[in-house]
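Visitor: Please put the model on the screen. I would like to go through some of the labels and ask what each one rests on.

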Amino acid sequence: MRMSRYFLPVLKETPSEAQIVSHRYMLRAGMIKQSSAGIYSWLPLGYKVLKKIENIVHEEQARAGHLPMLMPTIQSADLWRESGRYEAFGDEMLRIKDRHDRDMLFTPTAEELITDIFRSHVNSYKDLPLTMYQIQWKFRDEVRPRFGVMRGREFYMKDGYNFDLTKEDALHAYNRHLVSYLRTYERMGLQAIPMRADSGAMGGDNTHEFLVLADTGESEVFYDSAVTDLTFGDREIDYDNVEQCAGVMEEFTTKYARTDETHDEALFNAIPEARRKTARGIEVGQIFYFGTKYSEAMKATVQGPDGKPVPLHMGSHGIGVSRLLGAIIEASHDDKGIIWPEGVTPFHCGIVNLKQGDEEADGACEALYKSLTTSGLEPLYDDRNERAGGKFATMDLIGLPWRITVGPRGLKNGVVELTSRRTGESEELSPEDAVKKVA
Ligand code: ATP
Ligand code: MG
Ligand code: MG
Ligand code: MG
């Protein structure tokens, strides 16, 4: 992409309404524009990162054997009356009437709809297990939408649902989700710690939230610092292997890590004092096993091996896809701007031309652009006729992992400058070597 053709409405001033750094940088970098409280347009740069994050979620769900699908954003109230949640959801639910005066709503989550799909089509235990998910817009009329995409009213969420014959099978689905979520967040350069949580309106008693530690997080968390040493890494996982998934679950959830809702002073105080940590965290996902709560309320049964109807054991699992942009920025930035982890960066490399219009510099930039592109990378070439200082500031703000600076002086010696956004370190290299290093 060439900057001269891109839409990147960078703001020089810090917007006064933004209280936290991720919100400030997303506005300043021209990633989002608020359209009304808690509702945003995603401008090209923000949209690009959103899609990268979404793509990682899809890939990891596919790896775990979960099936993608898509359900509507507008739903009829009828199913929600069946489950009892039409009333229970309260003011967070955006209620709508259609022209026939029928009660509709904008989906805040989709347990009811998926259970209805399931009961219409699945009749036998032989069709189990089944896990389906979607990545779809949700609406919750939050009392205090704030912090940009972190607490929006409209937000993008992955929601998945498992249907199993027995509790044991459903707990395997739970563990499988935990494993796939660990991989998902790590690919985004994040450490998200599974913490024992409270199931609230969802029902059930088996639930973990995934929290990214950050001072601006809305949850208070308590944990044994040993949990922050755990990483999933690139270990091989067989998602059908019940013991292996249970082993990972145990490894990542045995040490004390809880949100304030389930915090237990006595257990916490049993941890050696030096390892006892209290901090703030951002909830980027949650998994639930809630048993037969919805299947019984909505009569979702299958015929069991003995021919008798069995209510399904279910769970649901969410990832805050749009909130993740904020969480990643909170976890990875400096005073100049965002520092994107490689896995989610909108472009791999920036090219800054120090002397636009200089034949040699222009030619070298074009050549670099081409060879980066043929190596399968996406460069962002700042080809505008602007001061170098302004170009650098923009590149630092939007946070691409690498910047290649091209100027007549270096070119005389056959070199360009390659700078790492994270370390700030620069080195002079031939253009070929710079491309190799980025790739
Ligand atoms: P919170 O406690 O932050 O209100 P929640 O527990 O109500 O979130 P879930 O129902 O667990 O949310 O939804 C799954 C995920 O969707 C959450 O873990 C979070 O990452 C994301 N999410 C929930 N509400 C919002 C929101 N208003 N804006 C952006 N993301 C959200
Ligand atoms: Mg909520
Ligand atoms: Mg929550
Ligand atoms: Mg939650």
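Visitor: What makes β5 and β6 paired strands, and in which direction do they run?

Guide: A strand here is a DSSP run of E of at least two residues, a helix a run of H or I of at least four, both numbered from the N terminus. Two strands pair if DSSP finds at least two bridges between them. β5 and β6 (residues 103-106) are joined by 4 bridges and run antiparallel, so they count as paired. Within this pair, Arg-95 stands opposite Leu-105 of β6.

The model is a predicted one: local features need pLDDT of at least 70 and side-chain atom pairs pLDDT 80 or more, while totals for chains, interfaces and linings use all residues. Residues are numbered from 1 along each chain as its sequence is written, and chains are lettered from A and ligands numbered from 1 in the order in which they are written.

Visitor: Why are β4 and β5 called edge strands?

Guide: The open sheet has 3 strands in the order β4-β6-β5, with antiparallel pairing. β4 (74-76) and β5 (94-97) each pair on one side only. Neighbouring strands are turned by 40 degrees against each other on average, direction ignored; the axes are lines fitted to C-alpha atoms.

Visitor: Why is Asp-101 called exposed?

Guide: Exposed means that 12 or fewer other C-beta atoms, placed from the backbone, lie within 10 Å of the residue's own; buried means 20 or more, and partly exposed is in between. Asp-101 has 6, so it is exposed. This residue lies in the loop between β5 and β6 and has a positive phi of about 70 degrees, although it is not a glycine.

Visitor: Is Phe-147 buried or exposed, and how do you know?

Guide: Phe-147 has 22 other C-beta atoms within 10 Å and is therefore buried. It is found in the loop between β7 and β8, and its phi is also positive, near 60 degrees.

Visitor: What makes such values worth a label?

Guide: Most residues other than glycine have a negative phi, and most peptide bonds are trans. A cis bond joins Leu-128 and Pro-129, with omega about 0 degrees. Pro-129 lies in the loop between α5 (111-121) and β7 (130-139).

Visitor: How many residues surround ligand 1, and which are the closest?

Guide: 15 residues surround ligand 1, the closest being Phe-155, Gln-286, Gly-318, Gly-320 and Arg-323. A residue counts if its C-beta atom, placed from the backbone, lies within 6 Å. The largest share of this shell, 4 residues, comes from β13.

Conventions: Axes are lines fitted to C-alpha atoms, for helices over the stretch in contact, and angles run from 0 to 180 degrees between N-to-C directions.
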